[in-house]
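Keep the structure open as you read.

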Amino acid sequence: MDTFEDDNPFENDIDRVSSETSSTSKVNISAPSSPPPNQARLLSPNKASPSPPTQRQPQTTFKGDFCCYRDRWLHSGEDAEILITDAQKTSLNSNTPYITYVIHAGTAEARHRYSEFESLRLNLLKLYPTLIIPPIPSKQTIGDYATKQAKVKEDAAMIARRKRMLQTFLNRIARHPILSNEHVFHRFLEGEVSWTEVLNSPPLSLLPKNILKAPSHNPTDPNASSAYAVLPNPTATHPLRNPDQRFIDSEVFTSKFANHLSGPMEKVTRRTLKRWSETAQDYSELGAALNGFSLNEGGTLATAMEKTGQAVDASYMSTTRLLQELEQNFSEPLHEYTQFATIIKKLLVYRHQKHVQYEMTQDALEGKREMLEEYEKSEREAKRLEEALARGRTNGLTNPQSEGQSSENPDEPGSVYLPPHPGPSPYKKRAPGMAFLNALSYTLHGMMDVDPETARRNGIGKTRETISQLEDALHLTAQDLKYSSSTIQADLDRFQRQKVADLREMSINMARSHRDWCKKNLEAWQAAKKEIEKIPEHPNSTPSSQHAQAASPSNLRRDSTATINGR
């Protein structure tokens, strides 16, 4: 990914600004930006490359202010590691039993179930729509429930895997330069705080239903402009007129990364772990068979067979250990990065929707301006027509004397008297129900016979009001787009450094596990070899014949080195 050299919330501690802005400001979304970070949250302890999940280095830059004791502990500069020490079955405040995970963060101890971890992540995703929120272990599939039924929640292997991955989730948040400052996360680590109370109190209670219609830098801002309400709600597949090439490249790279991880790497890894598991099971059965066989023999053969069985048992134990290490240190992190790829795709979709929102607001503003221009053109035409009619009436009054004479002599032949039109007879009987129909007809005529001048002027006023709102909305979407672009790019760069460090650690762990497996097997089989060498090679042959056969050139085994050298 391209390096994004810009002032961003990962480097600066800038106070958050309100989202109320001027409607006449012009914002250049293509220029580098310094987004307004969250005052209480966006604080970067350092800019160094994040350490691997198993080897955290102490931070060198410290915060000056802390919101609570847990915040002070997380940013104390020490190797603060959050641990999940146990998983216990309980039915506290529930009609059915569930698994609760015991969390130790310094001196604090908290207990949370899986659904509370899930709600923590979902709320962090709403609070920080422009950041990569670490994943949690996936839920059980329908197939797991079908095969294990009621015992799926009590599967020891699943619970152990969740413990490890939930611990990784918490430590990734604790080491994030922004998420680690979130007080909601601090309260999650506190055992005395009810999580239900946290969910029903600010800032989580202030979260909007649609984060696309809220400020990107602070979705819970109570002073957010009312112009956010008029913003469009675009779909993820809506095309862009002017896409940003940086994020197109990021989307392509993320898709390739996700396809490679979820395709060949995960499939081969699962197949490898399955074969290692089958090999360990075969070693277990073979070791038991050899040990039983040694009981039926005697002398050096029995000792050698017993030692061979012990070597096979050692291979079983070392293979089981290798299988566990590969699952913990390679398979689980690999699956986690498959989840990361999906998270990054959704993050880029959010930024895409913000960009579409900006372009749609631009189009709506241009349309309303064209409509206002048409209204004003019609208004000018109406004024010119009115002025022409007024001049015509003025020119028609040039001979007032003749008009006066004609009015004084109405009986002259030139004048015509028209009697008034006779109205309806007051004695005419109306049909029943006609009063209601007449009232309805009068109302419809009133709705249809609208004064064009009044309608035109009302349209001008409403259009100008809408244009003012859209100008405010355009300015807000431009700011949100700048902030989202810079913050997402900065977090993508941080994630790239984290990914490189984690993949390096995964490779080293895999090499170390295989090395240890080879060492343990070598020691066990060397001990077995010493006992096997004590068995006579040919018990039924005389020593002389053995020596002669060993010295015979025809019985010599061809050396592989001689074959390679052509001798």
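Aspartate 502 and arginine 172 form a salt bridge, with their closest N and O atoms 2.9 Å apart. (A salt bridge here is a side-chain nitrogen of Lys or Arg within 4 Å of a carboxyl oxygen of Asp or Glu.) Aspartate 502 sits in helix H11 (residues 452-533) and arginine 172 in helix H4 (residues 156-174), so this pair ties together parts that are 330 residues apart in sequence. Helices (H or I, at least four residues) and strands (E, at least two) are DSSP runs, numbered from the N terminus. This is a predicted model, so local features need a pLDDT of at least 70 and side-chain atom pairs count only at pLDDT 80 or more, while totals for chains, interfaces and linings use all residues. Residues are numbered from 1 along each chain as its sequence is written, and side-chain values use heavy atoms, with hydrogens and water left out.

Are the two partners buried or exposed? Aspartate 502 is buried at 3% relative accessibility, and arginine 172 is buried too, at 12%. The cut-offs are under 20% relative accessible area for buried, over 50% for exposed, and partly exposed in between (1.4 Å probe, protein chains only). The pair also belongs to a network of salt bridges that links Arg172, Glu336 and Asp502.

Next, look at lysine 354 and aspartate 480, whose side chains meet in a salt bridge at 3.2 Å, N to O. Here again distant parts of the chain are linked: lysine 354 is in helix H8 (residues 299-395) and aspartate 480 in helix H11, 126 residues apart. Lysine 354 is buried, with a relative accessible area of 0%, and aspartate 480 is buried at 2%.

Lysine 534 is exposed at 53%, whereas glutamate 531 counts as buried at 19%. The salt-bridge count comes to 23.

Now for the nonpolar side chains. A nonpolar core is a set of buried Ala, Val, Leu, Ile, Met, Phe, Trp, Tyr and Cys residues joined through side-chain atoms within 4.5 Å. The largest one has 36 residues, and those with the most contacts inside it are Ile82, Ile103, Phe117, Leu120, Leu170 and Phe185. Elements giving two or more residues to this core include helix H1 (69-74), strand S2 (98-105) and helix H2 (114-127). H4 gives the most, with 7 residues. Zoom in on phenylalanine 185: leaving out residues up to four places away in sequence, it touches Leu74, Ile82, Leu120, Leu170, Ile173, Ala174 and Leu179. Contact means heavy atoms within 4.5 Å.

Back in helix H8, you'll find serine 331, which is buried at 17% relative accessibility. Beyond its neighbours within four places in sequence, serine 331 is in contact with Thr269, Leu273 and Leu326. Serine 331 and leucine 273 are 58 residues apart in sequence, with their C-alpha atoms 8.7 Å apart.

Finally, how far can you trust the coordinates? The predictor's confidence in each residue is pLDDT, from 0 to 100. The chain's mean pLDDT is 80, and 71% of its residues reach 70 or more. Over residues 412-419 the pLDDT is below 50, and this stretch has 2 contacts beyond near neighbours in sequence. Residues 560-567 also stay under 50, with 3 contacts beyond four places in sequence. Where pLDDT is low, the predicted coordinates should not be read in detail.
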